[in-house]
Amino acid sequence: MSTYHDIINRKCKPCVAGAVALMLDAAPGLTPDSTRSALKLSCRADGVTGSVPNTMWGSGRLDVHEAVKRVAGGGGGQVLTLRNFNSGSTQRVFTLDGAY
């Protein structure tokens, strides 16, 4: 039987892998340590996560935009805004053309 943390970890890994892919596209020479550091430093706390780090949220919610900016030297980045027509919400996503 899977625990709650096992289920959450399985769902988070593809998101973090995608974030790392964007980071590597922006900065191909990234080392594992610098990648890990940028991921941790770009996480944020909010009302749901509470004070971080903690055992439930780790370093907090990953801000992919911030992680890519950190490794790309703070560049502005090319960001697309997509509208989710089911929920009416919007989200920002990066293109993979290297324009960070």
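Reader: Which residues are linked with Asp46 in a network of salt bridges?

Author: The model is predicted; local features need pLDDT of at least 70, side-chain atom pairs count only at pLDDT 80 or more, and totals for chains, interfaces and linings use all residues. Residues are numbered from 1 along each chain as its sequence is written, and side-chain values use heavy atoms, with hydrogens and water left out. A salt bridge is a side-chain nitrogen of Lys or Arg within 4 Å of a carboxyl oxygen of Asp or Glu. The network that includes Asp46 also holds Arg44 and Arg61.

Reader: What is the N to O distance in the salt bridge of Asp46 and Arg44?

Author: Asp46 is partly exposed at 26% relative accessibility, and Arg44 is partly exposed at 41%; buried means under 20% relative accessible area, exposed over 50%, and partly exposed in between (1.4 Å probe, protein chains only). Their side chains meet in a salt bridge with an N to O distance of 3.8 Å.

Reader: Why do the buried residues of helix 2 line one face of the helix?

Author: Helix 2 covers residues 32–41, and its buried residues are Thr35, Ala38 and Leu39. Seen down the helix axis, they line one face because they fall within an arc, taken from the directions from the axis to the C-beta atoms, of 100°.

Reader: Which residues does Thr35 touch, not counting residues up to four places away in sequence?

Author: Thr35 lies in helix 2 and is buried, with a relative accessible area of 10%. Contact means heavy atoms within 4.5 Å. Not counting residues up to four places away in sequence, Thr35 touches Val20, Met23 and Leu30.

Reader: Which residues form the largest nonpolar core?

Author: A nonpolar core is a set of buried Ala, Val, Leu, Ile, Met, Phe, Trp, Tyr and Cys residues joined through side-chain atoms within 4.5 Å. The largest has ten residues: Ala19, Leu22, Met23, Ala27, Leu30, Ala38, Leu39, Ala67, Val68 and Val71. Two or more residues come from each of helix 1 (4–26), helix 2 and helix 3 (64–71).

Reader: Which salt bridge partner does Glu66 have?

Author: Glu66 is partly exposed, with a relative accessible area of 25%. Four residues from Glu66 in helix 3, about one helical turn away, is Arg70. The closest N and O atoms are 3.6 Å apart in the salt bridge that joins Glu66 to Arg70.

Reader: Which two residues does a cis peptide bond join?

Author: One of them, Pro53, has its place in the loop between strand 1 (43–44) and strand 2 (61–62). With omega at about 5°, the cis peptide bond joins Val52 and Pro53.
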